[in-house]
Amino acid sequence: MTRIKRGSIARRRRTKIRFFTASFRGAHSKLTRTIIQQGIRAFVSAHRDRDRQKRDFRRLWITRLNAVIREIGGSYSYSQFINDLYKNQLLLNRKILAQIGISNSQCLDMILNEILKPKYIRPNKT
């Protein structure tokens with residue numbers, strides 16, 4: 001049986017990996033073993049940071065929302081606001097609320113007044 005050289009197949013596989021790491025610097029884009037290690041590391045970091053990005057943005061929206069609510073409502077806080085939103089079945093997500101708070105705080109003030117209105121209505125004593 002004749003010997004089959006894998007040169008072309010292996011080269012094709014390495015070239016495919018090199019396309020991904022072409023923008024890396026130094027040996028990270030030149031040496032095959034290092035390219036493979038850095039490629040794996042890049043994929044792991046990308047996967048981890050996609051989850052972290054979601055967390056970071058949620059924290060940012062909550063911080064912005066809390067600042068705007070305290071500016072409008074005085075001692076009224078973010079947690080009370082979200083609790084009252086759920087009680088009144090006004091389901092708006094934090095991203096939209098934060099955007100409303102930044103661009104148009106009067107609109108958020110109207111939402112706040114709509115939430116607080118049922119709280120302060122006293123029942124008739126008979």
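Predicted model: local features only at pLDDT ≥ 70, side-chain atom pairs only at ≥ 80, totals over all residues.
## Helix α4 and its buried side

Helix α4 spans residues 94-103. Its buried residues are Arg94, Leu97, Ala98, Ile100 and Gly101. Because these residues cover an arc of only 160° around the axis, they lie on the same side of α4. The packing partners of the buried residues of α4 are α2 (32-73), α3 (78-87) and α5 (105-116).

## The exposed face of α4

Ile102 and Ser103 are exposed residues on the face of α4 turned away from its buried side. Ile102 has a relative accessible area of 52%, and is therefore classed as exposed, for which the cut-off is over 50%.

## Aromatic pairs

The model contains 3 aromatic pairs. In one of them, Phe20 and Phe24 are arranged edge-to-face, with 6.1 Å centre to centre and 75° between the planes. Both residues are partly exposed: the relative accessible area is 36% for Phe20 and 25% for Phe24.

Phe20 also pairs with Phe43, here in a stacked arrangement with 4.6 Å centre to centre and 15° between the planes. Phe20 belongs to helix α1 (residues 7-20) and Phe43 to helix α2, so this pair ties together parts that are 23 residues apart in sequence. Phe43 is exposed, at a relative accessible area of 53%. Through ring pairs, Phe20, Phe24 and Phe43 are linked into a cluster.

How values were computed: Residues numbered from 1 in each chain as written. Heavy atoms only, no water. Helix = DSSP H or I, 4+ residues; strand = E, 2+ residues; numbered from the N terminus. Buried < 20%, exposed > 50% of the residue type's maximum accessible area, 1.4 Å probe, protein only. Arc of directions from axis to C-beta. Contact = heavy atoms within 4.5 Å. Phe/Tyr/Trp six-rings, centres within 6.5 Å; stacked < 30°, edge-to-face > 60°.
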